[in-house]
Structures are given as C-alpha cells and as structure tokens.
Amino acid sequence: MSVRTREPASRLSHQLMARRSGTAVRSFDRPGIQAGVAFGLYLLVSLLFFGIPILRDIRHSYVGLGRPGLGTGFTDPSVYMWSLEWWPHAFVHGMDPLVTHLVWAPQGVNLAWTTSVPGAAILAWPITATLGPVAAFNAWILLAPALAAWTAYLLCRHVTGAFWPSVVGGYLFGFSSYELAQMTAHLNLALIFPVPLAVLLVLLRVQGRLKPIPFALLSAGTVALQFSFSTEIAFTMTLFGGLVGVLSLAIYPEARERLIRTAGWTALSYVVAAALLAPLVLALPGSSGFVPSNWHSKYATDVLNLVIPTRTALLRPPGTGDIAHRFAAGLSEEGGYLGLLVLVVVMFAAHEGRTRRGRLLLAALGLIVVASLGPELRVAGIERAPLPWALTADVPLVRMALPGRFMLHAWLVLGLLAAIWLAAAGRRTWARWGKWAVAGLCLVALLPNLTLPLWNARTDTPAFFSTALHQRYLEPGRNTLVIPFASNGFSMLWQAEAGMSFPMAGGYIACGVPRDYRRWAIVATFLSKRRIPRYDIQLRAFLGHFDVANIVVDPSAKGPWANVFDTIPVRPVEVGGVLYYRVPDSVLAGYRQIPRPLNVAWRSLQRVCQ
C-alpha cells in the first residue's frame, strides 16, 4: 500500500507562478509579440504628445501650428485636408483625379508634381467619408510618427536581435527633430514609414532570407506607397540607398555578387512600382515641379542646427534662441538637431569604427549630413563657403530635392547606430548602465516643446462653408474668388468642407502660380494684401476674364479688401461669417470687354509661398 505525500500548498503555488512567469517571458520573446508591444508604445507616445488636445474635437482641431507667427507653413495643412477630400470626390464623380479644375479655375492644375498625397487619401477614404477631411488628416498625422518609429524598430530588431535597444532606435527615427518639425505643417513629409521597410527588405534579400520574387513584389509595394505619399522622399530614398549600396560594394568585396544581384531585383521592383503607379507616372511629363532657384540653398541644414535646437525642442540651452531664430529654412524645415546623439556617434565610432559595419554606417551618416548642408555652408543663417552639393545644382530631379529634408535618412542611420551601440554587450555593469543613462538623456533632449501650440490648432471654417448656406448663394459651376487668397488663408479647407461644390479663382495646391494667373497684376494684390496702381481696372478685367460671379471675403482677413471691392457696383451681404458679393452677369459682360491691363507686378507673381 503506497502512501501519497502532499506537497505544501505554498510550494505548488510558487511552481505554478514560475511556470506562468516562464510562459509569459517566452511569449514576450516572440518577435511578433515584441513588435506589437513596440507599436503600442509608439502609438501611446504619439497620442500623449499630440493627440490629447486634438481627440476632444477631431473634426475641428488638428495637429499643426496654432498661430501664424510660430513658424512657416501655417496654412499648409489645409492643402492635405483638401487632397484627402479631392481624391475620393474625383473617383466618386468620375473625374480625372490627376487634374483638378476646382482650383485656379478654369485652367486647373496637374496634381502629378504636387503634394496631394494620393495614397494617404485613398487609405483614409472611409474616415474622410464619415468624419470629414480634418479628422482624416488627424488620423494620419498621429499615426505618422508611430508608424515611422515602428518600421525603424523592425529594422533595428532585425540587425541587433535586441528588443529595448531597438525600441530606442525606432523612437529616435519616429520622433526625431525632423519628424517633429514636419508634423507642424507637412503631412507628406511626415509619412516616412516606408523608408525603413525598404532598407529592411534589401537586407533580407542580401542575406538570402527573402526569395527574389517576394522581395521584388514587397519592395515594389513599399516604393509605390512612399511615392504616393511624397515623390521627393521616394526619390531621395532611392538616391541615398544607391549611394550606400556603392559604399557597401567597397566595404564588403566578398558580397559584391549578392549586392549586385539584389540591385538588379531592386531595379525590377521599381519597374513593378511604376506599373502600379502608371497613371501618376505617365502624368509627370505633362506637368512640372516648381522649385525656386534659391530654395536649394535656403532649405538646407544650418550647421549650427546640428547642435542648437529650435522651438520644437522642450529643452533649449540659454542664449541659443537668438541663434536658432537666424536659421533660414523656417521651423517646419529645421529638423537637424541631434542633441546628445553627437556623443553616441563618437562612442559608437570608438567601439565599432574599426568594424566594417561601423565604417559603413559612419560613412553613410557623414555623406547624408554633408549633403543636407546644401550647396553652401550656412552658419547662423549666413552663407560662409561652398560645399560639394553645389555640383548638383543643375542636375535634373536632384535640384528639386531640398537638402534639409535629407536629414530624415540621417535619422534612420542614427537610430540604427544607437540600437547597435546599446545592444553591444558591455563587460562591466556600470558601463551598461552608463550607456542607458546616455540614451535616456538623448531621448529627454529630443522631447517636443508642448508648451507652445506647435501641434495644436483649430479650424476657422465660416458657417457659410461648413453648413448648407453656400448652396443658397453660390451658383453651381460659377467661379468664386475667396479672400484670404491662396496661402494667406484656409480657402482650400473651406472648399473641401463645402463638398468641392464650387470652382475657385485661386488656390494653394503648390507654390507655383499658374501661367494664366501670372498675367494678371491684381493677383499680386490678393497675395501681398497691398493695392497696386490702377487696381480697380485690374480687378474688373480679372473678374471678367475668369468669369468670377462670386466673391467671398472673410471680414477678419487683413488687407484693403473693403476699398478694393468697393470699386465694383455690388454691395456685400453679411451671411454665415463672411461678406458675400454676387457679381451680376450683366456687369461681368461689360468687364469682359476690358483689354487685359499691363502687368505691373509680374516679379511678385512667381509663387504663392515663400
């Protein structure tokens, strides 16, 4: 007869807890679980930083500059809100989505070279249809840093095999000073999450862990997605990817065959991407990108911006504000601040600089940073000396890429570099803790400045456009002049919130002024808010030529608008928060007989943004 001994309850409890703990640890070690946790962390950070004031009223608040004086591109978000509305509207109504005649009417605009984010518009269609373009914009702009951080995490996790170092590396890319700056104004330039994916796919192919056909298809989808967000970033991703590939051929001679084969499959993926984007690609030759000649130098990284933060950073050393104010690019384009990451680069160089991987990353980082400085070295806004990038001033396509934006690629290298440095096993406990202390200080130095409304704004759409009032006053199909004009106000958003129900004599979908409008000097008055000589004759001829039957003026808009529009025999009606002028056909018929006056302001009509 056997006797069964009973284990103490406390021991059984401890064993059960140990098994459960071990199971939980093993589950968390799974890459898929870790990736999900990482994305959740990044999304939570994005919502905590930017979402709290916005989500209270997601249809009337948005992530962007809260006041015009805070930085450049105050009205730029309206361009993306309009685009998010335009693409579904064009598909539903059977229009060509690549050419709109609703702005700068009746001539219209070819959207192929503009920042109209077709990919984002199509993916956000359900949100736009149910909650409107402002809510769709908010959804994307809040997801942008989280997605960028997450895809960078996936790249770092693949390279290092370590979770927390990869989390830090992903954060550095997704919440970099570049991303924080672009989030104040430019949705298309904030949607950068396909870039790390493209690099990860290339690594998997070179290592033989991804077969050629799946690689080509996945790479094509990634390139097409980035192209549908920003043609500029897709181009610079290709440019610097190619340059890093050349560096890899020199540093890894034994892998040249694999690298060259991968380059061939990558080229094939671009062919597939071009096929996926055939309508957009075929429309490019029929339009032209507009980049003023001085932008190549103006929108470059000031060398002091690498160590001096702008107002986007919470922590700014005393006395640096005046220096940062002299940077020429403007707040939304000044994303070069590295903070204490300079120390990480130095320590990485000391530890990994002799390895081939270290040399490749450091060479890539140096190449990108030097290119981002542009054609001339700027120190506190003053041009000091020519730089190598000046050689690209006349190179097609390259001259259209603004150098300061290259820093997004530098941030990806920095994130990867930091993850590798953190993941490297330290011999001593104090050294490991020291690394994490430095990493923590780097993250603190990059915290966004939430004390200013840089990512918190409200729409100002008058009730005339946000309700059905406009349907009672604006005759369908008749051209409408809206003041504030173009980039001076939010007329693009007002048109979108009115359901694209009227064409507009003006607009702000790109910086260039269409040729037909450049012929009219009165447009300089609309843009500059200053009267030109004989503005009365200029206005009448303009209204007749463009068949402008409706004029809508925001009474709070700065400018001489009462005097300007008093020259036409129409009294305004105060309705829905605007002043509405209905120009009778009989008056327009007389105005059409006025010959086009001499354009006395042609120099100021090259672009609608500075």
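Colleague: Which residues touch the most other members of the largest nonpolar core?

Modeller: This is a predicted model, and in it W140, F526, F542, I551 and F565 touch the most other members of that core, which has 176 residues. Helix 6 (residues 133-160) gives the most to this core, with 15 residues.

Colleague: What is W140 in contact with, leaving aside its neighbours within four places in sequence?

Modeller: Its partners are L84, A120, L123, A124, L147, L187, L191, F193 and F229. To be called a contact, heavy atoms have to be within 4.5 Å.

Colleague: Why is T312 called buried?

Modeller: The cut-off for buried is under 20% relative accessible area. T312 has 4% relative accessibility, so T312 counts as buried.

Colleague: Where does T312 lie, and which residues does T312 touch?

Modeller: You'll find T312 in the loop between helix 15 (295-298) and helix 16 (321-325). Not counting residues up to four places away in sequence, T312 touches L180, A181, L331, L447, P448, N449, L454 and W455.

Colleague: On to the second largest pocket: what is its volume?

Modeller: About 1,300 Å³. It's lined by 41 residues, and the closest to its centre are V199, V202, L203, V244 and S248.

Colleague: Which helix gives the most to the lining of the second largest pocket?

Modeller: That's helix 12, with 10 residues. Others that each supply at least two include helix 6, helix 10 (194-206) and helix 11 (212-229).

Colleague: How many residues of each class does that lining have?

Modeller: The lining of the second largest pocket has 29 nonpolar, 10 polar and 2 charged residues.

Technical notes:
Residues numbered from 1 in each chain as written. Predicted model: local features only at pLDDT ≥ 70, side-chain atom pairs only at ≥ 80, totals over all residues. Heavy atoms only, no water. Core = buried A, V, L, I, M, F, W, Y, C linked by side-chain atoms within 4.5 Å. Buried < 20%, exposed > 50% of the residue type's maximum accessible area, 1.4 Å probe, protein only. Helix = DSSP H or I, 4+ residues; strand = E, 2+ residues; numbered from the N terminus. 1 Å grid on protein atoms, 1.4 Å probe; cavity = no way out; pocket = protein on both sides within 12 Å on 5 of 7 lines; lining within 4 Å. Points joined across faces, edges and corners; volume = space filled by probe spheres on them. Nonpolar A, V, L, I, M, F, W, Y, C, P; charged D, E, K, R; others polar.
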